Amino acid sequence: MSVLFIALPIAILLAVAAAAGFVWAVRGGQYDDVDTPAVRMLHDDD
Amino acid sequence: MSGGATAPSSRDEPPSRETASAKVSMLCTHCDLPVPKGLVRAGEENQFCCQGCRVAYEVIHECGLDAFYRFRDDDPSDLQPARWSGRRFDEFDDPVFHDLYVSSGETFHSVDLFLEGVHCRACVWLIEKLPLVVDGVVEAKLNLRRSIVHLRWAADRVSLSAIARKLDRLGYTPHPKQGGTEQKLHLKEQRKQFIRIAIAGACAGNVMLISIALYLGMFSGMYHAHAQLLRWAAMGIGLVSLTWPGNLFFRGAWAAIKTRTSHMDLPIALGLSVGGVAGIVNTVLARGEIYWDSLTVLVFLLLVGRWIQFRQQRRADDAVQLLYSLTPRRAKRLSSSGSTNELESDEPWLEVPVEALNIDDLVLVLPGETIPADGFIVTGHTAVDLSLLTGESDPVDVSAGSEVLAGTMNLSAQFRLRVSATGQSTRVGHLMNLVETASLEKTPVVQLADRIGGYFVATVILLALLNLGIWWYIEPSLMIDHTISLLIVACPCALGLATPLAVAVAIGRAARRHVLVRGGEALEQMAKPGMIWLDKTGTLTTGQMSLVQWIGDTTVQQLVHALEKDSTHPIGMAICRGLEEELFLDSADEGRPIDFGSNSPGRLRVSQVRNSPLGGIEGVVESSRVVIGSARFLSSCGIEAGEDSLSEMLELNRQGLTAVLIAVDGQVVAIAACGDPLRTGSKEAVTALKNRGWSVGILSGDHTEVVRRIANHVGVDEAWALGSVTPEQKVEHVRRMQENGPVVMVGDGVNDSAALAAADVGIAVHEGAEVSLATAPVYLARAGLAPIVDLERASRRTMNVIYTNFAVSIGYNLLAVGLAMGGLISPLVAAILMPISSLTVVTLTLATPTFSTGARNQA
């Protein structure tokens with residue numbers, strides 16, 4: 001039995017968690033506007 | 001321009017340049033466009049080209065937001081003067097409005113408003129600084145793509161109408177954002193796309209990691225148990241990718257089979273399903289090759305290509321939404337017991353929402369207001385501006401009994417209106433419906449990639465059968481494996497990226513040259529010559545009346561200018577502007593501009609000014625009685641024009657100009673002729689288009705003789721120059737020519753909007769109505785017609801890039817199939833070939849110039 005049998009499932013779980021986080025962000029409307037934030041970054045104020 | 005430019009010491013000073021003839025010209029501080037000489041105010045640091053710009057600058061400067069001009073300079077994309085409507089926006093405080101559009105919290109309300117005039121990135125910065133400008137506004141977030149600002153404000157500190165007025169002063173006229181189910185659907189679809197891409201990407205990344213381990217194991221050996229673990233893990237993740245994000249392709253292929261249409265999903269689904277089934281079998285049976293890494297990467301890349309395409313799609317705006325922006329929201333209803341006597345100046349009226357109007361209601365319309373509903377004039381004599389429907393802003397006389405239309409502007413006097421149609425039943429309401437149906441009824445262009453999808457899959461299946469045959473003959477045990485690998489590597493990855501990439505790059509480059517294209521179909525349609533219809537007023541011509549000729553005594557020019565200074569009549573304004581140019585020229589030797597400001601000592605005293613709907617103006621200027629107008633108006637003032645003058649007027653009219661007589665102290669002393677000049681470059685653009693094989697025509701609401709004259713000047717065949725065309729007829733002409741091939745329509749006004757929607761490519765011109773911008777897939781952010789020629793050239797180049805990409809992709813596929821037939825394909829080889837083919841397509845697309853290389857960075 002090598003560590004791979006534990007490490008691989010954990011790695012997959014991590015990936016699932018990341019994907020779930022992304023899905024949550026999209027459903028919350030955070031990705032509704034992908035153009036304006038790119039422009040806002042150029043505004044150098046406080 | 002020769003000479004050097006004096007460097008400004010602070011940002012606020014406009015740069016002044018010396019011209020060859022020593023005239024001093026200024027640039028507007030706000031919009032960077034030239035200031036008409038007559039508006040130059042001597043001794044002031046900042047000069048402005050119009051009241052809108054002056055007002056906007058004042059607001060910006062008061063709040064200390066001058067950094068806006070720094071941002072604007074970094075991105076001079078679409079220079080336009082600020083438009084200030086001057087409306088009061090009282091309806092924004094109406095409870096009905098709040099019910100419809102405002103979300104109310106306990107202390108804070110929020111609303112989404114559509115803003116006109118959002119054209120540049122600096123606008124984002126300025127609008128989001130609104131909390132600094134208006135006390136009480138908590139947050140303002142702008143969506144640049146849709147021009148919609150999300151506002152949150154404290155209801156007890158400021159009213160929405162005050163916020164709206166401030167936005168208007170800054171140059172961004174606000175309108176309520178109409179919900180629109182289409183927009184909601186688009187948003188939902190976009191979210192689904194993001195999630196699909198994310199899952200596909202996660203699966204592809206993880207499967208690739210697993211595959212690296214398996215490939216290394218191929219060379220140096222691997223424990224069987226580990227290999228099994230990895231293969232089962234790869235299968236698990238691969239199946240997730242195929243069944244969730246990849247599902248799209250199977251559904252698309254199934255729909256294509258059921259309807260017997262050709263679609264790119266067919267070969268993709270074939271490759272994916274063969275790969276999937278073979279992968280499952282081989283993993284369970286612990287034998288043979290698996291291709292999960294190629295399959296998952298394929299799914300991911302193709303979804304990215306789909307998303308690029310999706311972003312380019314335009315949505316047709318609701319007809320209702322367009323209508324709302326054109327007609328007023330409120331009307332002044334009179335009590336129905338109002339008699340048909342002459343108007344009393346303080347007749348009681350009630351301000352009601354325009355939705356509350358009924359047929360046969362009596363409505364009062366003041367001068368300067370937009371007419372709220374279709375109807376007939378009961379009492380009153382005025383002039384109206386029909387440019388909404390004809391494109392011509394010449395005032396039209398109307399009186400009791402005349403029909404007037406919703407959305408047109410009342411110019412000179414108030415009148416009583418009896419309503420005959422409201423809302424969507426009005427002429428303009430029907431027109432907006434026509435805009436919507438015209439854009440929906442257009443036959444959709446079938447993508448080139450989809451068209452060859454059917455042939456592609458048929459060819460692949462044939463080759464697979466051939467391969468089966470060959471290997472059955474040579475070595476039957478390898479037959480299945482080699483055929484499976486063939487079907488997988490034949491899957492078109494680069495092909496799915498070829499078109500969206502080329503279109504996206506072309507659109508980006510076009511945007512940098514100030515041609516905004518929404519949708520790849522526009523590029524495809526413009527690549528082959530067809531029919532192009534041009535609107536006249538505002539498109540071929542500048543759309544503004546200007547003084548063309550002055551016949552007679554020039555010493556009276558100062559008097560005339562003083563009288564016309566505050567006129568809002570198009571001819572009056574044209575004379576005023578034209579004289580400012582001439583008078584300024586006369587004093588150029590003195591080296592300083594004439595100060596026309598109201599407090600200047602040089603200004604002439606004007607009194608007893610009377611504007612008449614009969615077509616004229618009279619007044620007393622420094623003790624001289626000046627009368628300007630038509631011959632009919634002059635005789636009504638007791639002045640008879642002589643034979644010479646009258647025949648001059650006739651001659652000028654024959655030339656298509658509008659002429660007015662000028663009489664001082666009872667004597668006709670001069671004639672001023674006004675006309676609408678051609679935009680510079682119109683003639684060259686038409687010639688260039690005709691040389692490239694396009695048929696060019698003119699569709700205009702103006703009189704046929706005027707249109708014919710313009711056609712002669714520009715080089716359009718008289719047979720193709722059509723005048724007195726209604727907006728509905730424009731659509732018919734577009735549709736009629738569509739039988740012969742693609743039709744392009746170029747226009748600027750509301751009266752062009754339905755034709756723009758119906759045409760294969762609608763092009764809205766600089767400074768056009770917002771409605772045109774919403775319905776046309778192409779918007780020229782520079783003045784003039786030259787961008788159309790550029791766009792046509794770019795479209796051809798883009799189509800060439802697409803064809804080249806196709807050739808390269810198919811070349812790779814053939815190579816891969818050849819290798820498969822030779823038994824040389826393994827998962828490793830497939831995994832290398834696919835990204836190389838995609839990279840090649842990407843590199844080719846970016847390296848090929850879309851517009852001429854030399855001018856790539858031209859503003």
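Biologist: How many residues does the contact take from chain B and from chain A?

Modeller: This is a predicted model. In it, chain B gives 28 residues to the contact and chain A gives 24 residues. The area buried between chain B and chain A is about 2300 Å², and carbon and sulfur atoms give 67% of that area.

Biologist: How many salt bridges does the rule find across the interface of chain B and chain A?

Modeller: The rule finds 3 salt bridges there. One of them joins A:Asp35 to B:Arg311, with the closest N and O atoms 2.8 Å apart. As for polar contacts, the count between chain B and chain A is 10 residue pairs, both residues at pLDDT 80 or more.

Biologist: Which elements of chain B each supply at least two residues of the side that touches chain A?

Modeller: They are α2, α4 (121-128), β5 (137-143), α7 (181-220) and α8 (224-243) of chain B. The largest share of that side, 9 residues, comes from α7(B).

Biologist: How is a pair of aromatic rings described?

Modeller: By the distance of the centres and the angle of the planes. A search of the whole structure finds 10 aromatic pairs over all chains. In one of them, B:Tyr57 and B:Tyr69, the ring centres are 5.9 Å apart and the planes are at 35°, so the pair is tilted. B:Tyr57 lies in helix α1 (residues 51-62) of chain B and B:Tyr69 in helix α2 (residues 67-74) of chain B, so the pair ties together parts 12 residues apart in sequence. B:Tyr57 and B:Tyr69 are both buried.

Biologist: What angle do the planes of B:Trp533 and B:Trp720 make?

Modeller: Their planes are 70° apart and the centres 5.9 Å apart, an edge-to-face pair. B:Trp533 is in strand β18 (residues 531-535) of chain B, while B:Trp720 is in the loop between α25 (704-714) and β26 (721-722) of chain B, 187 residues apart. B:Trp533 counts as buried because its relative accessibility is 0%, whereas B:Trp720, with a relative accessible area of 29%, is partly exposed.

Biologist: Which residues do ring pairs link into a cluster?

Modeller: The cluster consists of A:Phe22, A:Tyr31, B:Phe194 and B:Trp307. A ring can also have a charge over its face: B:Arg152 lies over the face of B:Phe108, 5.3 Å from the ring centre.

Biologist: Is B:His482 buried or exposed?

Modeller: B:His482 is buried, because its relative accessible area is 10%, under the 20% cut-off. The residue is found in helix α16 (residues 479-489) of chain B. Leaving aside neighbours within four places in sequence, B:His482 is in contact with B:Asn467, B:Trp471, B:Ala820 and B:Gly823.

Key
Residues numbered from 1 in each chain as written. Chains lettered and ligands numbered in written order. Predicted model: local features only at pLDDT ≥ 70, side-chain atom pairs only at ≥ 80, totals over all residues. Heavy atoms only, no water. Helix = DSSP H or I, 4+ residues; strand = E, 2+ residues; numbered from the N terminus. Buried < 20%, exposed > 50% of the residue type's maximum accessible area, 1.4 Å probe, protein only. Contact = heavy atoms within 4.5 Å. Phe/Tyr/Trp six-rings, centres within 6.5 Å; stacked < 30°, edge-to-face > 60°. Lys NZ or Arg CZ within 6 Å of the ring centre and 35° of its normal. Buried area = accessible area lost by both parts, 1.4 Å probe. Salt bridge = Lys/Arg side-chain N within 4 Å of Asp/Glu carboxyl O. Polar contact = N/O pair within 3.5 Å; in protein donor to acceptor, adjacent residues only side chain to side chain.
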